[in-house]
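Grab your viewer and try these exercises. Each task comes with a solution worked out step by step.

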Amino acid sequence: MTRRILLIEDEDDIREVAQACLELTRGWEVHAANSGNAGLAMAQDVMPDAVLLDVMMPGLDGPGTLTALRANPATSHIPVIFLTAKVHSSERARFMDLGASGVLAKPFDPMTLGDDVARLLQWTD
Amino acid sequence: MDRLMEPETPGLDAAIAAIWKKHRELMFTRMDTIDAALSSAADGTLDADTRAAAHRDAHKLAGALGTFGLHEGTAHARSIEHALDGDSVIDFGSLRENARGLRAALESRA
């Protein structure tokens with residue numbers, strides 16, 4: 001079973017590395033968006049198995065994007081993992097309260113990002 | 001699993017190297033923003049916009065460099081980010097040392 005991931009990240013370098021490492025280490029199908037609004041549209045088109053979502057983005061930020069995903073019946077069920085360079089415990093709790101399935105820190109290790117995502121989502125395949 | 005025992009992922013190192021090459025100039029542009037703030041801080045002319053821009057770019061570098069294997073770069077960038085956070089008094093000596101370390105880290109990767 002090939003997992004389908006939607007990656008929403010505005011920084012080109014991070015988005016490109018994350019996509020490459022998830023595709024190459026896990027063989028997942030990765031769709032990438034460079035903004036919250038583009039991510040919302042793509043989520044509805046692609047119906048991913050999970051969303052990997054940056055927190056700080058211009059315009060619609062990560063928390064705003066998650067709120068919008070949860071408000072749409074078509075995408076409300078999709079698990080979301082935040083990816084952030086600020087992982088203070090208070091922020092982590094806030095993200096979990098918003099409905100995130102987990103929070104991963106930046107910078108991430110390209111060798112283990114896929115494993116970390118699978119662990120948080122309890123994917124064994 | 002011990003990193004030394006992990007199976008290699010064909011193509012990953014090459015993919016990351018290509019992405020670094022593509023975005024290396026942007027990394028140095030962000031470094032220049034930090035150096036500009038440092039220069040302004042040195043002569044007492046650091047304004048809020050310059051400080052905010054340097055803080056933002058330090059944050060971006062902190063979140064990216066470790067992914068490219070530049071963990072010291074991330075550490076220096078994070079220190080700079082914290083030093084420039086809000087309107088706290090800046091430890092200029094520490095800021096200068098971290099900026100030097102950050103630039104050295106960037107230059108260490110071709």
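This is a predicted model: local features need pLDDT of at least 70, side-chain atom pairs count only at pLDDT 80 or more; totals for chains, interfaces and linings use all residues.

**Exercise 1.** Which are the buried residues of helix H3 (residues 62-71) of chain A?

*Solution.* Residues are numbered from 1 along each chain as written, chains are lettered from A in the order written, and side-chain values use heavy atoms, leaving out hydrogens and water.

Step 1: pick out the buried residues (under 20% relative accessible area, 1.4 Å probe, protein chains only). In H3(A) they are A:Gly62, A:Pro63, A:Thr65, A:Leu66 and A:Leu69.

Step 2: look down the axis of H3(A); the buried residues fall within an arc of 160°, so they line one face of the helix.

Step 3: find the cover. It includes strands E1 (4-8), E3 (50-54) and E4 (80-84), plus helices H2 (36-46) and H4 (89-97), of chain A.

**Exercise 2.** Work out how chain B meets chain A.

*Solution.* Step 1: count contacts (heavy atoms within 4.5 Å). You get 25 residues of chain B touching 20 residues of chain A.

Step 1: look for salt bridges (a Lys or Arg side-chain nitrogen within 4 Å of an Asp or Glu carboxyl oxygen). The rule finds 3 across the interface. The side chains of A:Glu16 and B:Lys22 meet in a salt bridge, 2.8 Å from N to O.

Step 2: see which part of chain B contributes. H1(B) gives the largest share of the side that touches chain A, 8 residues.

Technical notes. Buried means under 20% relative accessible area, exposed over 50%, partly exposed in between (1.4 Å probe, protein chains only). Helices (H or I, at least four residues) and strands (E, at least two) are DSSP runs, numbered from the N terminus. The arc is that of the directions from the helix axis to the C-beta atoms.
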